[in-house]
Amino acid sequence: MSDLTSTDAAELGRLLTAGEVTAVEVTRAYLDRIAAEDDALGAYLHVDGEAALRTAEQVDAARAGGTATGPLAGIPLALKDVVVTEGVPTTSGSKILEGWRPPYDATLAARLKNAGTVLLGKTNMDEFAMGSSTENSAYRVTRNPWDHDRIPGGSSGGSSAAVAGGLAPWAIGTDTGGSIRQPAAVTGLVGHKPTYGSVSRYGLIAFSSSLDQAGPMTRTVLDAALLHEAIAGHDPLDSTSIDSPVPVLAEAARRGAEGDLAGLRVGVVTELGGDGHTDGYDEGVLARFAETVALLESLGAEVRPVSCPAFDLALPAYYLIAPSEASSNLARFDGVRYGLRVGDDGDRDLDEVMALTREQGFGPEVKRRIILGTYALSSGYYDAYYGQAQKVRTLITRDFTRAWDDVDVLVSPTSPTVAWEVGARVDDPIAMYAADLCTLPASLAGVPAISVPCGLSEGLPVGFQIMAPALADDRCYKVAAALEAAQDAARGSRFLDQLAARPAGSAA
Amino acid sequence: MSATPDRLVDYDEVLTRYEPVFGLETHVELGTASKMFCGCSTTFGAEPNTQTCPTCLGLPGSLPSANAAAIESTIRIGLALGCRIATWARFSRKNYFYPDIPKGFQTTQYDEPMCTAGHLDVEVDGETYRVEIERVHLEEDTGKNLHVGGSTGRIHGADHSLIDYNRAGIPLVEIVTRPIPGAGAKAPEVAKAYVTELREILVALGVSEVRMEQGNLRCDVNTSLAPIGSLEWGTRTETKNVNSLRSVERAVRFEMRRQAALLDEGQRIFQETRHFHEDTGTTSPGRSKEEATDYRYFPEPDLVPVAPDEEWVASLLAALPELPAARRSRLSDEWGIAPTEMAWLVNAGAVELVSDTVAAGASPGDARKWWLGDLARRANDTGTELGELAVTPKQVAELIGLISAGTINDQLARQTLDGVLAGEGDPAAVVEARGLAVMGESDELVSAVDGAIAGNPDVAEKVRGGKVQAIGALVGAVMKTTRGKADAATVKRMLEERLIG
């Protein structure tokens with residue numbers, strides 16, 4: 001294994017800036033590993049090695065010529081295929097967009113391009129980000145680098161597998177109900193869902209507009225903070241984008257890594273794996289969680305239980321709001337302007353062509369959610385379903401607001417279980433939805449939440465979730481960095497080094 | 001669905017048994033430079049699909065951001081109509097599938113519109129009717145479908161269809177009236193007067209070009225009939241795309257006559273959408289509302305709510321221009337004309353034209369005379385609106401000036417106008433180029449006068465003998481010889497000098 005592909009992004013940036021490696025060398029190292037391993041891993045939907053090397057050459061030339069380049073210039077990157085990229089195929093994991101080459105860049109893609117990052121490719125995902133295992137991709141199965149028989153989480157499972165598996169130093173994911181945090185948790189990565197509105201959604205293929213946020217999936221907390229800073233900031237093209245200065249996150253991560261959490265008030269959410277709420281949680285997950293809470297205390301934090309009763313209602317509320325918005329967001333895929341068109345043989349009328357296109361272009365989970373959302377918004381049912389769900393959302397937000405009176409952050413497991421076996425939940429949507437139990441409240445309230453590795457259970461990674469008030473993303477990074485530093489120090493190595501130390505694709 | 005009956009009830013007869021109620025939904029394309037939710041141009045008539053971007057094409061990942069100028073225009077329209085302006089308004093999604101709506105939903109306003117509860121008073125035959133405005137809201141226009149190969153231009157039977165998204169996303173304001181009862185026989189005219197007055201207001205506000213032929217202003221007309229004395233209103237039909245002022249009146253009239261025939265036969269009226277046919281003035285059924293789609297409205301999550309600041313709204317109110325009704329009343333006073341005469345000007349669409357002509361130097365009387373007389377006749381002959389004639393108020397003022405100066409007479413002025421309308425330039429230039437100026441006491445005129453006396457010795461003798469009124473025949477002869485270019489008074493004086501001394 002090449003050293004370069006196990007190096008974290010911040011270190012790569014240092015090496016590149018210092019001239020110790022070139023962008024072409026780094027890019028080639030990743031492309032080589034992708035070529036060697038991605039058939040088995042299934043992380044990518046599209047890789048354009050030539051384009052990546054061309055970009056890398058430009059960065060190297062600029063650096064050699066003394067033209068100013070930023071700290072991220074030359075660092076390779078993977079983007080979840082939900083991110084629209086000019087001229088680069090973008091499918092959102094769906095057959096209905098097969099072959100579509102967008103004429104524009106998402107705001108975050110443009111920002112990362114301008115920062116000089118090298119796009120390795122687009123990563124696999126559950127179709128339209130609907131799923132928790134990436135098995136709903138219309139294209140391929142993605143494997144968990146820790147155990148190839150297990151899922152990499154979802155919907156950003158291609159990004160999690162690529163970064164954990166050494167096929168990208170870092171990646172962008174999107175999170176609607178947990179799609180950054182849960183795959184990060186089950187592959188041993190750091191994944192952060194920013195405050196809703198703090199990263200532009202312009203150019204993210206919408207699943208649920210009031211919930212979708214893009215964020216970093218990385219090997220370290222500092223990397224996550226650096227990548228987050230690169231994509232954050234107001235965007236006039238997104239009406240819901242918050243007009244406030246780019247948050248200072250890398251500095252928060254560096255301060256956190258010093259390990260002093262004295263005075264930090266931490267609330268442990270009872271409803272997420274606490275007393276009386278342990279159904280469906282792995283014992284190992286709860287054990288790692290409890291140990292990590294104790295670690296926080298040892299770093300000086302004041303820990304207390306906090307009850308958020310409305311969190312119990314998050315799952316049903318989410319599965320009304322997200323499908324409702326999705327049913328409308330996905331209406332544009334009608335075969336008229338782009339992507340798949342089925343049955344346009346001159347005999348069929350417009351309605352038939354639209355229906356056939358959608359029938360053949362969407363997978364079963366997408367259809368299930370479109371039907372669910374269409375029903376929930378129907379005349380006569382709106383108040384009982386969509387309306388009620390919005391009220392629950394308000395209650396959840398109030399639970400958070402009340403909690404912030406007493407604590408600085410709330411913590412919980414990121415996911416109730418470790419990665420399950422491929423195929424184990426495909427016929428049981430309710431079990432699949434339960435994977436989002438812990439991540440949904442922060443999504444519904446629009447507050448930031450990070451998942452940081454907190455140990456292994458059954459030889460598989462467990463994630464620890466830290467939630468903070470809106471726009472206090474820096475708190476997530478500070479606390480996560482403190483935990484990461486303390487754990488690394490105790491272990492004597494970084495979390496992912498445990499994966500590198502074992503034979504590929506097998507659980508310990 | 002109800003078929004168009006063969007029989008229509010005579011209009012006057014309808015009113016002996018039924019009371020009409022009508023209502024209007026008027027769509028106005030705003031004249032903003034850019035579209036409602038993106039920066040694309042709104043210029044009319046560009047090559048198809050050249051004024052588009054990811055947002056107005058509904059490409060995956062694109063997002064809307066609301067046009068502040070359109071919101072301002074909507075609020076100004078609401079203020080001009082005496083509406084309450086919402087302190088909190090939201091956009092909603094109206095979900096349905098059709099190729100001309102690129103996102104699979106139209107972004108509009110549903111239960112939280114920008115403006116509510118206004119009114120507009122209109123006058124018909126000296127009587128004032130109050131039209132209550134239910135709401136004014138902001139939405140986006142659709143693309144335009146072109147169905148190729150069919151005989152009707154409709155999708156049915158077409159060989160293929162093309163879509164132009166240049167219009168998709170142009171800001172559209174919808175002004176919805178409450179049902180308007182009590183107009184009786186005047187219902188069609190009140191409907192027309194309402195749209196006319198609304199159009200005047202929109203022009204005064206400068207928020208839209210309101211060119212009906214370009215689709216800037218489009219009306220849906222709801223009509224129902226109830227038996228006289230009934231406590232309940234009848235079932236209404238909605239006639240779509242009624243796109244001229246005259247058609248608004250015709251649509252109401254036709255629906256009243258059609259519905260009366262059905263009701264007379266004991267049939268029921270179906271709540272349905274109907275198409276208006278400009279050529280025949282009739283309506284035919286469209287899709288039935290009773291089997292219509294459920295639009296599944298819900299608040300648009302991609303747009304933040306609009307919360308107009310009260311002080312800002314107050315400043316918009318203070319800055320509203322003089323509205324047409326107030327302006328008419330002021331102009332009536334200034335021009336010294338009666339309300340009925342002002343009503344004629346309004347009906348002819350001539351108020352602004354006359355006003356501009358007066359501003360360019362003509363007297364109010366002369367300006368009215370030309371616009372309501374010769375020019376109105378020409379517009380009528382060619383089937384165009386007065387304002388669309390190829391002559392400007394400034395040119396009319398110049399024409400009137402030439403008459404006052406004695407350079408031309410009324411007959412020559414009409415010939416001058418022919419030239420102006422034919423694009424030959426301003427009146428003075430036309431007079432020059434066509435040689436239309438009234439003759440002075442030139443050699444040519446002297447010889448024409450002498451020729452008339454010599455050619456009509458009997459008449460000349462009568463005049464000499466004291467039958468002064470016979471001089472008219474000689475004047476006519478001179479005018480004929482000079483093809484109208486002579487000034488009749490001058491000719492008369494010259495003849496008198498020669499015959500009476």
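A quick definition before the questions: two strands pair if DSSP finds at least two bridges between them, and strands themselves are DSSP E runs of at least two residues, while helices are H or I runs of at least four, numbered from the N terminus. This is a predicted model, where local features need pLDDT of at least 70, side-chain atom pairs count only at pLDDT 80 or more, and totals for chains, interfaces and linings use all residues. Residues are numbered from 1 along each chain as its sequence is written, and chains are lettered from A and ligands numbered from 1 in the order in which they are written.

Q: What makes S3 and S14 of chain B a strand pair?
A: Strand S3 (residues 92-95) of chain B and S14(B) share two bridges, in the antiparallel sense, and at least two is what pairing asks for. Within that, B:Arg93 sits opposite B:Phe298 in S14(B).

Q: Why are S4 and S14 of chain B said to stand at the edges?
A: The open sheet has three strands in the order S4-S3-S14 (chain B), with antiparallel pairing. Strand S4 (105-108) and strand S14 (298-299) of chain B each have a single partner strand, so one side of each lacks a neighbour in the sheet.

Q: Why is B:Gly501 called exposed?
A: Count the C-beta atoms (placed from the backbone) within 10 Å of a residue's own: 20 or more others means buried, 12 or fewer exposed, anything in between partly exposed. B:Gly501 has 6 such neighbours, so it counts as exposed. This glycine lies in the segment after helix H16 (488-499) of chain B. Its C-alpha is 9.2 Å from that of B:Arg464, 37 residues away along the chain.

Q: What makes helix H7 of chain A mostly covered?
A: Eleven of the eleven residues in H7(A) (residues 221-231) are buried. Among them are A:Val221, A:Asp223, A:His228, A:Glu229 and A:Ile231. Just after H7(A), A:Gly233 takes a positive phi of about 115°.

Q: How many residues does each chain bring to the contact?
A: Chain B gives 25 residues and chain A 34, where contact means C-beta atoms, placed from the backbone, within 7 Å. The chain B side divides into 15 nonpolar, five polar and five charged. Here Ala, Val, Leu, Ile, Met, Phe, Trp, Tyr, Cys and Pro count as nonpolar, Asp, Glu, Lys and Arg as charged, and the others, Gly among them, as polar.

Note on methods: Two residues are in contact if their C-beta atoms, placed from the backbone, lie within 7 Å.
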